Amino acid sequence: MSSDRFARFRAAVERGDADAAADLFTADAVFHSPIVHKPYEGRESLRMILRAVVRVFEDFRYDAEFAGPDGHVLWFRTRVGERALDGVDILRDGADGLVELTVMVRPYSAATELRARMAALLAEQGTG
């Protein structure tokens, strides 16, 4: 595993660079959304999601990170409109790049606001 990829992902997200973050993933990477049942497949799908996320999240910051033999977890806090939201990015690494991103968020009221805003942006981009 490459701890360097985890650090580069964190840095890209913190500066709002969705493309740099997406470029760290393999072409067949999988994204598990906190608000959609079916996973998104492929780096380009992930890229569109990350581009929308950097527009929706306000005052985003990572507060902690945890590493283990199977992956890396970044704990974040942000706002979606007036709703405070916290969550985790769970990253799995492979030989050629990051292979999986799973995001979990809370509380439910903020997750529903996130869902509404993301759905609008993705529909605008033609990917919803």
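**A guided tour of the sheet and its aromatic pairs**

Select F9 and F25 to begin: both residues are buried in this predicted model. Their rings form an aromatic pair of the edge-to-face kind, with 5.9 Å centre to centre and 80° between the planes. F9 belongs to helix α1 (residues 3-14) and F25 to strand β1 (residues 25-32), so the pair ties together parts that are 16 residues apart in sequence.

Next, select F31 and Y40. These two form a tilted aromatic pair, at 6.0 Å centre to centre and with 35° between the planes. F31 counts as buried because its relative accessibility is 5%, and the cut-off for buried is under 20%.

Now display F57, F60, Y62 and F76 together; ring pairs link these residues into a cluster. The count of aromatic pairs comes to seven.

Six of them form an open sheet with mixed pairing, in the order β2-β1-β6-β5-β4-β3. Which strands stand at the edges? They are β2 (40-41) and β3 (58-68); each has a single partner strand, so one side of each is left without a neighbour in the sheet.

Colour β3 and strand β4 (residues 71-80) to see antiparallel pairing over eight bridges. Within this region, select G68, whose bridge partner in β4 is G71.

Finally, select helix α3 (residues 43-56), which packs on the sheet. Helix α3 touches β1, β2, β3, β4 and β6 (97-106), and its direction makes about 55° with that of β1.

Notes:
Residues are numbered from 1 along each chain as its sequence is written. This is a predicted model: local features need pLDDT of at least 70, side-chain atom pairs count only at pLDDT 80 or more; totals for chains, interfaces and linings use all residues. Side-chain values use heavy atoms; hydrogens and water are left out. Rings of Phe, Tyr and Trp (its six-membered ring) pair if their centres lie within 6.5 Å; planes under 30 degrees apart count as stacked, over 60 as edge-to-face and the rest as tilted. Helices (H or I, at least four residues) and strands (E, at least two) are DSSP runs, numbered from the N terminus. Buried means under 20% relative accessible area, exposed over 50%, partly exposed in between (1.4 Å probe, protein chains only). Two strands pair if DSSP finds at least two bridges between them. Contact means heavy atoms within 4.5 Å. Axes are lines fitted to C-alpha atoms, for helices over the stretch in contact, and angles run from 0 to 180 degrees between N-to-C directions.
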